[in-house]
Amino acid sequence: MPIPPFNAYLGTEIRQRDDGTIETRLELGPHHLNRRGVAHGGVITSLLDSALGAAVIAAIPKEWWCATTSLTTQFLGGAGTGLLTATGRVLRRSRNVAFAGGEVRDAADRLVATAIGTWHLWPYRPVPHVSELPGHWVRMRDGGRPLQVGKILAVGRNYAEHVAEMGAPPDAPPVLFFKPPTAIPREGSKVRLPADGGEVHHEVELVVLIGRPGRRIPATRALEHVSGYGVGLDLTLREVQSEAKRRGEPWSLAKGFDGSAPVSRIVPRDEVGDGSGLAIRLTVNGELRQSGNTSQMLRPVAELIASASRWVTLDEGDLLFTGTPAGVGPVRPGDRVEAEIENVAKLVVEFDSDEGAAATGDL
Ligand code: MG
């Protein structure tokens, strides 16, 4: 059984016995003792909370969470040295409440304390990282505090018809790349296209917001790490990218320039599902340019998360752009782009040019 950070700090070991009872053990050290030289009540209580809480965790589905709502400890004797062993087991549980009880014994098997408590249980709902710091962020559909964006991962060549229009071979595998958080435009402002960067192409994409950290995430559990979905634009300096490709160089700046990743408000995962079967489209000044369905993805969302997290930790607030269907093309200053994932999210972006922006170093 993995040891939570607090238990590691306290110095406890946790294991599950064959009968399902949880055992937590602590070798008492000087820092665990009070001035009278016996184990501090907080240490005893922590040991019991760990044993009883771990018993509750072992008794509920993996995708559920629990929290201690009450814990009553009866102290029966002091313990000053040696090994303390706490045991805990679930006494009774309903859908949302569990009752657990247990005890602590010292190295001589003397009863040191007993405890009984209640735990609130609920299905796991990923809660993204929230920061008060100024930065580049997205919002959930129903408002609330802004969610600061961490990394932005994106996949290229994930729709066969787009692979073809880019002139890549049909068997070219999807490619992952990064955009910086500064690619999220500030809310309510126009996206300023680099005047000296050549043609900028629109790419409408389903965007995934990560709500739970993970590394080497199996595809079968990938959706547990998804907080919600939105629609976004993977804006691309196409001429810069083509030149970089021709030279065999990275094309980071072609994909990562400021404002190159506008994202709609985010809709909770529960209302969307696994991200498949969603109609996705984009218009420029009212003219339909891109229209597809997320079921056309060569790799679905769960596989992309598994692939992206193979070498890179995915964290709360990270975004994953999942590739674009065919029909990419240029946008220019003055254009109005509407991107939509039907019945999920809509995004309106207006464009300006950064021509004439002074090179002062100021934001
Ligand atoms: Mg793209």
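**Exercise 1.** Which domains does the domain assignment of the protein chain give?

*Solution.* The assignment, which is automatic or taken from a database, gives domain 1 (5-123) and domain 2 (137-353), with residues numbered from 1 along each chain as its sequence is written. This is a predicted model, in which local features need pLDDT of at least 70 and side-chain atom pairs count only at pLDDT 80 or more, whereas totals for chains, interfaces and linings use all residues. As a next step, take the C-alpha centres of domain 1 and domain 2, which lie 46 Å apart.

**Exercise 2.** State the confidence of the chain.

*Solution.* For pLDDT, the predictor's confidence in each residue from 0 to 100, the mean over the protein chain is 90, and 95% of its residues reach 70 or more. Over residues 130-134, however, the pLDDT is below 50.

**Exercise 3.** Which strands stand at the edges of the open sheet of six strands?

*Solution.* Begin with the order, β10-β9-β19-β13-β14-β16, in which the pairing is mixed; strands are DSSP runs (E, at least two residues) numbered from the N terminus, and two of them pair if DSSP finds at least two bridges between them. β10 (175-179) and β16 (267-268) stand at the edges, each with a single partner strand, so one side of each has no neighbour in the sheet. At the β16 end, β14 (residues 226-233) runs antiparallel to β16 and is joined to it by two bridges, with G228 opposite P268.

**Exercise 4.** Trace the pairing of β21.

*Solution.* β21 (residues 336-341) is joined by five bridges to the antiparallel β17 (residues 279-284), where L282 stands opposite A339. β21 also pairs with β22 (residues 345-353) in the antiparallel sense over six bridges, and V337 faces V349 there.

Terms used: Helices (H or I, at least four residues) and strands (E, at least two) are DSSP runs, numbered from the N terminus. Two residues are in contact if their C-beta atoms, placed from the backbone, lie within 7 Å.
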